[in-house]
Amino acid sequence: MVNSMCSKRVFKTKTFDRWAGGVVTDTALCASADEIERGIWEADPGGGVCKKRVAVAGQGKSSSTRVLVAKKSAIAVVYIVGKKKSTPGSDFSDVEVAVTKAIAKSFHGMTSAQFDHLVAKGELKEICDDEGCGG
C-alpha cells in the first residue's frame, strides 16, 4: 500500500485496476484522493461521483488521465473508470457516468468490513488507507 495523507481508505475496482496498469500509478491515485478529500476535482456530475484528472508519470496533468471516482462514502474513495486524455472522445459518455453513479451509490453506506469483503473477493484493490497514510 502507498502512503498518503487521506483520511479515507482508497480503492480501485478490478476493472479500473486492469485499465490503470501501466497508465497511472497507485502513488498518483493516492495523491489524487488527497485532493478529492480537500474538494479539488474538475467536475461533479452528481450521485456522489466526481471527475478528476490524474497525472501520468513524467507527463503531468496536461497529458493526464480522466477518472470517475466514488467520493460520497464516509470511509472510502473508490476509483471506478478511467480514460486517457488522448483517447478520442476523451470525455465520459452519459452511459458511463450513469453506470458509475449506480456503482458509486452501492458504496455510500458500506462498512469497513463490507469493503474488506470486496477486497477478499478480488472486486476491489486497496491502494492506501487511513492507518497507512498518516491521516
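Visitor: How many residues does helix α2 have, and what distance does helix α2 reach from its first C-alpha to its last?

Guide: Before the answer, note that this is a predicted model, in which local features need pLDDT of at least 70, side-chain atom pairs count only at pLDDT 80 or more, and totals for chains, interfaces and linings use all residues. Residues are numbered from 1 along each chain as its sequence is written, and side-chain values use heavy atoms, with hydrogens and water left out. Helices (H or I, at least four residues) and strands (E, at least two) are DSSP runs numbered from the N terminus, and the expected span of a helix is 1.5 Å times one less than its number of residues. Helix α2, residues 26–37, has 12 residues and reaches 16 Å, close to the 16 Å expected at 1.5 Å a residue; just after α2, Gly 39 takes a positive phi of about 80°.

Visitor: Which residues of α3 are buried, and where do they lie around the axis?

Guide: Buried means under 20% relative accessible area, exposed over 50%, and partly exposed in between, with a 1.4 Å probe and protein chains only. In α3, which runs over residues 94–107, the buried residues are Val 97, Thr 100, Ala 104 and Phe 107. They cover an arc of only 65° around the axis, which puts them on the same side of α3; the arc is that of the directions from the helix axis to the C-beta atoms. On the face turned away from this buried side, α3 carries the exposed residues Asp 94, Val 95, Ala 102 and Lys 105.

Visitor: How many disulfides does a search of the whole structure find, and which cysteines form a disulfide?

Guide: A disulfide is a pair of cysteine sulfur atoms within 2.5 Å, and the search finds 1, formed by Cys 30 and Cys 128 with their sulfur atoms 2.2 Å apart. Because Cys 30 lies in helix α2 and Cys 128 in strand β6 (residues 124–128), the pair ties together parts that are 98 residues apart in sequence. The torsion about the S-S bond is about -120°, so this disulfide is left-handed. Cys 30 is buried at 1% relative accessibility, and Cys 128 is buried at 0%.

Visitor: Is Lys 51 buried or exposed, and with which residues is Lys 51 in contact?

Guide: Contact means heavy atoms within 4.5 Å. Lys 51, which lies in strand β3 (residues 49–56), counts as buried at 18% relative accessibility. Leaving aside its neighbours within four places in sequence, Lys 51 has contacts that include Trp 41, Glu 42, Arg 66, Asp 91 and Phe 92.
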